[in-house]
Amino acid sequence: MVTDPKKIDEILNRGTIVEVLPSREDFRQKLIRGEKLKFYIGFDATAPTLHLSHAKNFMLLEKFRQLGHEVIILFGDFTARIGDPSDRKAARQQLSAKEVEANVKKWKELVEPLMDFKNTSNPPKIMYNSHWLAKMDLEKLLGLASHFTVQQMLERDMFQKRLAEGKPIHLHEFLYPLMQGYDSVAMGVDVEMCGTDQIFNALAGRTLLKQLSGKDKFVVAVTLMENPKTGELMSKSRGTGVFLNAAPADFFGQIMAQPDEMIPILFVNNTFLSLAEIKSLTAGANPRDAKLRLAYEITKIIHGEKIAQASQQEFVKVFSQKEKPTEMPVIAIKSGEWPVIDLLSEAKLISSKSVGRRLIEQGGVKIDDQVVKDWQSQVLIKAGTIIQAGKRKFVKIK
RNA sequence: GGGCAGGUACCAAAGUGGUCAACUGGGCCAGACUGUAAAUCUGGCGCCUUCGGGCUUCAUAGGUUCGAAUCCUAUCCUGCCCA
């Protein structure tokens with residue numbers, strides 16, 4: 001067990017952890033005393049993607065693992081099917097068992113670089129809440145439900161909001177906190193890590209754990225990394241996040257596409273640089289350079305140093321110097337005269353001819369650096385011709 | 001079970017017989033500019049087209065009308081109130 005207060009405080013005060021319930025200081029003392037704690041964080045595999053906000057949770061969990069604590073990644077394969085009322089104002093669509101299974105599989109790959117799964121003495125554990133929740137019968141469920149009142153459930157801020165807005169609250173959504181809460185009981189954990197939007201659920205678990213097992217647990221609430229200007233979260237549905245499953249070059253680019261105000265937040269949560277280093281990198285510097293470094297650091301964690309370097313060079317080349325990418329997809333298309341629209345369509349650069357027409361009218365299509373102005377025109381292509389649609393899509397003719 | 005109000009494009013949300021492929025904001029795409037795929041500004045965002053226009057879309061299914069997202073009927077779904 002690592003009990004160095006300096007190291008512990010560094011984790012606790014970095015900025016990722018927003019709140020510790022019931023008491024931050026008690027939690028800290030326990031860590032310093034070197035008591036081995038059982039941590040867990042749950043993720044509902046509602047989509048086959050993960051973004052940087054998820055990533056930082058795994059990264060934080062890894063830090064506690066490195067201190068010597070037991071850490072569990074709980075895949076909410078069962079709860080994913082119900083839909084957590086927290087993160088949306090309306091009920092989430094329910095998923096099939098099959099969909100969830102596919103999502104979990106994909107997630108395992110994505111999490112791989114963030115935690116040391118090869119560690120032999122104290123590897124992170126993976127669990128699935130279907131193991132206990134799928135078996136739960138009505139009698140047991142009623143037992144759990146009896147620990148809470150309707151009023152307590154309604155206290156939930158999200159429910160209050162929906163009530164005020166006249167939006168539906170489905171009965172099964174009341175069961176969600178019970179199920180998430182029961183996870184704590186089933187695993188007998190000491191600490192639950194969760195996003196600040198999950199505090200209610202986590203506390204429901206604390207109640208259950210106390211009443212059913214006579215045991216207390218800490219709730220470590222972590223930031224959701226919202227944009228300080230707009231309040232926007234990294235989101236799957238809105239396409240505002242940086243997704244781990246993107247190809248390295250795109251991943252790098254997605255970080256560069258983040259608004260400037262996200263730079264310090266991403267540095268703190270998604271890199272291992274010290275706060276002092278981050279400060280010196282971001283203070284007064286050209287935000288572009290800071291962001292470039294940020295993108296490099298994060299890409300390095302996910303894809304390794306070499307790929308990170310290559311991605312950075314490529315980014316500067318293509319977007320700063322407006323040159324063509326080193327590598328682009330090569331496709332086999334017959335040489336000769338083509339109506340541009342058909343060519344774009346054949347090259348799969350557009351999803352419909354209407355889209356292609358618009359793109360050309362807006363001046364977004366170039367063939368060998370020549371802007372195509374007329375969507376009805378014919379173009380001559382041969383082997384080696386480069387077609388560009390917008391600033392990111394390039395294709396070379398074989 | 002009864003009464004009332006609703007269900008609109010990726011999301012939110014206007015529109016309540018023709019001028020509606022449908023206001024606006026978010027998101028997304030393109031262009032300009034730049035310090036970056038940031039910010040800002042401009043334009044665009046159903047499909048097809050011989051560029052005249054055609055076709056499909058406003059919960060679902062029918063109907064009225066020259067003409068419907070808008071009116072009528074039935075069905076499904078939601079909220080509020082009453083029981």
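The model is predicted: local features need pLDDT of at least 70, side-chain atom pairs count only at pLDDT 80 or more, and totals for chains, interfaces and linings use all residues. Residues are numbered from 1 along each chain as its sequence is written, while chains are lettered from A and ligands numbered from 1 in the order in which they are written.

**Chain A overall**

Chain A has 18 helices and 13 strands. These elements are DSSP runs, numbered from the N terminus: helices are H or I with at least four residues, strands are E with at least two. Along the principal axes, the C-alpha atoms of chain A fill a box of roughly 80 × 45 × 40 Å. Of the 398 residues in chain A, 36% are buried. Buried means 20 or more other C-beta atoms within 10 Å of the residue's own; exposed means 12 or fewer; partly exposed lies in between; C-beta atoms are placed from the backbone. Among contacts between residues at least 6 apart in sequence, 71% join residues at least 24 apart. A contact requires C-beta atoms, placed from the backbone, within 7 Å.

**The surface near RNA strand B**

RNA strand B is surrounded by 33 residues. Near means that the C-beta atom, placed from the backbone, lies within 6 Å of the strand. The closest are Gly253, Ala257, Pro287, Gly364 and Gly390. Helices H12 (248-256), H15 (287-303), H16 (305-320) and H18 (353-361) are the elements that give two or more residues. H18 gives the most, with five. By class, this surface has eleven nonpolar, 13 polar and nine charged residues. Ala, Val, Leu, Ile, Met, Phe, Trp, Tyr, Cys and Pro count as nonpolar; Asp, Glu, Lys and Arg as charged; the others, Gly among them, as polar.

**H12 against H16**

H12 and H16 pack at an angle of about 65°, with axes 9 Å apart. Axes are lines fitted to C-alpha atoms, for helices over the stretch in contact; angles run from 0 to 180 degrees between N-to-C directions. From H12, Pro248, Ala249, Phe252, Gly253 and Met256 meet Ile307, Ser311, Gln312, Glu314 and Phe315 in H16. The residues of this contact divide into six nonpolar, three polar and one charged.

**H18**

Gly356, Leu359 and Ile360 are the buried residues of H18. They lie on the same side of H18 because they cover an arc of only 95° around the axis. The arc is taken from the directions from the helix axis to the C-beta atoms. Ser354 and Glu361 are exposed on the other side of H18. Cover for the buried residues includes helix H17 (340-346), strand S9 (365-367) and strand S12 (386-389). Gly363 follows H18 and has a positive phi, near 75°.

Phe75 lies in strand S3 (residues 70-75). Ala204 lies in helix H11 (residues 199-213). Phe75 is buried because 24 other C-beta atoms lie within 10 Å. Ala204 is buried because 24 other C-beta atoms lie within 10 Å.

Not counting residues up to four places away in sequence, Phe75 touches Phe43, Ala45, Val104, Ile126 and Tyr128. With that exclusion, Ala204 touches Phe148, Pro177, Leu178, Gln180 and Gly181.

Technical notes
Contact = placed C-beta atoms within 7 Å.
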